[in-house]
Amino acid sequence: MSKRCMRATEVWAVDTEEEAQEIINQAAKGEGELTKKTVELKTKKSKGIIIEQAYKVTVQVDYCGMFDELDVE
């Protein structure tokens, strides 16, 4: 039986929305099919005041199905 990566999910923390979009664009241009992308603004508060914030970026790339044929040379 051969081994192959069927799906990869990456979760990133970035400071800006532009950086989040760059990660999504890189995942879309790479191998496989970009099947999920989310961007969430996360904040940390102290006494009701935002003291930190960051974007959480999740990208999921599917490479092949369970029973797809492999290209064996």
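**Salt bridges**

I started with K44, which forms a salt bridge with E52, the closest N and O atoms being 3.7 Å apart. I count a salt bridge when a side-chain nitrogen of Lys or Arg is within 4 Å of a carboxyl oxygen of Asp or Glu. This is a predicted model, where local features need pLDDT of at least 70, side-chain atom pairs count only at pLDDT 80 or more, and totals for chains, interfaces and linings use all residues. Residues are numbered from 1 along each chain as its sequence is written, and side-chain values use heavy atoms, with hydrogens and water left out.

Next I checked how open the K44 pair is. K44 is partly exposed, at 46% relative accessible area. E52 is partly exposed too, at 47%. My classes: buried is under 20% relative accessible area, exposed is over 50%, and partly exposed lies in between (1.4 Å probe, protein chains only).

How many salt bridges does a search of the whole structure find? It finds 3. D62 and R7 form one of them, at 2.7 Å from N to O. D62 sits in strand β3 and R7 in strand β1, so this pair ties together parts that are 55 residues apart in sequence. I also noted K42 with E40, at 3.5 Å from N to O. K42 is partly exposed at 40%, and E40 is partly exposed at 33%.

**Sheet**

I then looked up the strands. Helices (H or I, at least four residues) and strands (E, at least two) are DSSP runs, numbered from the N terminus. Two strands pair if DSSP finds at least two bridges between them.

In what order do the strands of the open sheet lie? The order of the 3 strands is β1-β3-β2, with antiparallel pairing. β1 and β2 are at the edges with a single partner strand each, so one side of each has no neighbour in the sheet. Direction ignored, neighbouring strands are turned by 15° against each other on average.

I went through the pairings. β1 (residues 7-14) and β3 (residues 49-62) are antiparallel over 8 bridges. Within that pairing, T9 has Q60 as its bridge partner in β3, and E10 stands opposite V59. β2 (residues 33-46) is joined to β3 by 13 bridges, again antiparallel. There, L41 has Y55 as its bridge partner.

**Helix**

I looked at helix α1 (residues 17-29) next. It lies across β1, β2 and β3, and runs at about 5° to β3. Contact here means heavy atoms within 4.5 Å. Axes are lines fitted to C-alpha atoms, for helices over the stretch in contact, and angles run from 0 to 180 degrees between N-to-C directions.

**Turn at K47**

The hairpin of β2 and β3 has 2 residues between the strands. K47 is in this loop. Its phi is near 55°, a positive value in a residue other than glycine. Most residues other than glycine have a negative phi. Is K47 buried or exposed? K47 is exposed, at 85% relative accessibility.

**Nonpolar patch**

Last, I looked up the surface patch. M6, M66 and F67 make a nonpolar one of about 370 Å². Patch residues have over 30% relative accessible area and no salt bridge; like charges are joined within 9 Å, nonpolar side chains (Val, Leu, Ile, Met, Phe, Trp, Tyr) within 5 Å. Areas come from the Shrake-Rupley method with a 1.4 Å probe; for residues, only the protein chains shown count as cover. F67 lies in the segment after β3. F67 counts as exposed, at 75% relative accessibility.
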